[in-house]
Amino acid sequence: MRWCKFHPILRSGTRGLLWALAASMLGLTAVGASSPASAQSSPDSTDWVQVRLHHGTEVESVRLTPRRSSLSVLLPSSDSPILRLTRDETVTLGRRQGDVYARRGTANLYARSLRLAPSGEGSWTLALPSESTRTYTGRLTLRPADSSTGLQLVNRVPLQDYVASVVAAEYGLDDRAGTRAMAVVARTYALFSTKHFDGDYDHVDGTASQVYRGKDVITAAARRAARKTQGQILTYDGAPIQAVYFSSSGGHTASNEAVWTDSPSLPYLRGKEDPYDQASPKHRWTTRINRRALLQALSLHHGASVEGFLLGDRTPSGRLATIEVLFSDDTETDMEASTFRSVVNERVDGVTLKSTWFDARRDGSAYVLTGRGHGHGVGLNQWGAHAMAEQGKGYREILSFYYTGVQIQQLDETSPLPAVAQDPPSPPDDSTAPRIGW
């Protein structure tokens, strides 16, 4: 740990002097070594989720402000706070070379990493220069990111707050049973996805995991759904399932191995006819794509000139499994349809290819694609859940329809926790890729 005002490094012979000097420069309250940490004692791992915030954004600095209560600053090796920010007091967090810093005015606290913990059930806001302010609960860990200038921001958020925020962001349909079904799904996915990124966190806050936007987005309905289903998870044969979900089925869900071809067949992720998708605004769709823009996108992806494509094999649900890509040198290659979709969504401006269930034709300088559904098609259909709820079906019935042979269990009934079922392969990390939770 180092304190610095302007460029000189301040070194103190005693820790108490260092804290006092820090407090005088930052205008913060100094906390002695014997003071108890404001952070809660370490609870069971199923009470919390570690989420990387602003994933995919090069975060160089943020402004943090405690709300409703004070917030303690701790080093990673100690539960005794160094300093305490008072309510509504703002500090800038940033990165300098291999260190992170907390800054107020011209005074800086440098460390390899920092933890910030509100007292009690307090919250805090994060403001990025280029994005809107968000409010969070739980703790924040600040580390250098892999890039040379970026920050890694990890929120250790209470599970109930996380589930309510995900339900509000990912579902957002106005019903009771569907919202509760989504809460059980979000909780199961949060705790039992085997995809742990780099080991410092369990999930990210974007579409590579589940969309999480903190406290302020939580609606009363989402909070109530999280509370009414508290502790409930989905299991199959005693093991928590991979609770994948998507937006709209187009009339038929998909089996997991038909979408993620390298994953083994999972008995609870079986494709079936879905009569509940008719009311979805994405049940049927048409999109026009500029031919030149699409061929350029495919050429960039393959590193060779592409002059066209043909529709390839289909899965039993009707979704395309492959696309035959035609190169200008008269060669060709098969491309996974999910990758084709990702390339279109990522590289062709203003176009969203909602699913891999489509037909295509050429119309002059454009391709016209007519399709069905939105998302990968595996697991819970959100629009279908909404329709079932509107028909008076309960959340348990919704979950049993979309996940074959599952049971709903309480977390405290599965101790020690059983091994999780195998995770489907990770999709490409971009906001429009077919993915878990879309």
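**Cavity, pocket, strand and core**

Guide: The second largest cavity is lined by Thr135, Tyr136, Thr137, Asp161, Ser165, Tyr212, Gly214, Lys215 and Ile218. The model is predicted, so local features need pLDDT of at least 70 and side-chain atom pairs pLDDT 80 or more, while totals for chains, interfaces and linings use all residues. Residues are numbered from 1 along each chain as its sequence is written, and side-chain values use heavy atoms, with hydrogens and water left out.

Visitor: What makes a space a cavity, and what makes it a pocket?

Guide: On a 1 Å grid over the protein atoms alone, a cavity is a set of points where a 1.4 Å probe fits but cannot get out, whereas a pocket is an open set with protein on both sides within 12 Å along at least five of seven lines. A residue counts as lining if it has an atom within 4 Å of a point. Grid points are joined across faces, edges and corners, and a volume is the space filled by probe spheres set on the points.

Visitor: Which element gives the most residues to the lining of the second largest cavity?

Guide: Strand 13 does, with three residues. Strand 13 (134-137) and helix 2 are the elements that give two or more residues to this lining. Both names denote DSSP runs numbered from the N terminus: helices are H or I with at least four residues, strands E with at least two.

Visitor: How do the residues of this lining divide by kind?

Guide: Three are nonpolar, four polar and two charged. Ala, Val, Leu, Ile, Met, Phe, Trp, Tyr, Cys and Pro count as nonpolar, Asp, Glu, Lys and Arg as charged, and the others, Gly among them, as polar.

Visitor: What is the volume of the largest pocket, and which residues are closest to its centre?

Guide: The largest pocket has a volume of about 490 Å³. Of its 22 lining residues, Asp47, Pro158, Leu159, Gln160 and Asp161 are the closest to the centre. Helix 2 (residues 159-170) supplies the largest share of the lining, three residues. The lining divides into six nonpolar, nine polar and seven charged residues.

Visitor: Why is strand 11 called mostly covered?

Guide: Buried means under 20% relative accessible area, exposed over 50% and partly exposed in between (1.4 Å probe, protein chains only). In strand 11 (residues 114-118), five of its five residues are buried, so the strand is mostly covered. Leu114, Leu116 and Pro118 lie on one side, with Arg115 and Ala117 on the other.

Visitor: How do you know that strand 6 and strand 11 pair?

Guide: Two strands pair if DSSP finds at least two bridges between them. Four bridges join strand 6 (residues 71-74) to strand 11, therefore they pair, and they run antiparallel. Leu71 stands opposite Pro118 of strand 11. Strand 11 also pairs with strand 14 (residues 139-144) over three bridges, in the antiparallel sense, and Leu116 has Leu140 as its bridge partner there.

Visitor: What makes a set of residues a nonpolar core?

Guide: Such a core is a set of buried Ala, Val, Leu, Ile, Met, Phe, Trp, Tyr and Cys residues joined through side-chain atoms within 4.5 Å. The largest has 79 residues, of which Leu64 and Tyr403 touch the most other members. Helix 3 (residues 177-192) gives the largest share of this core, 11 residues.
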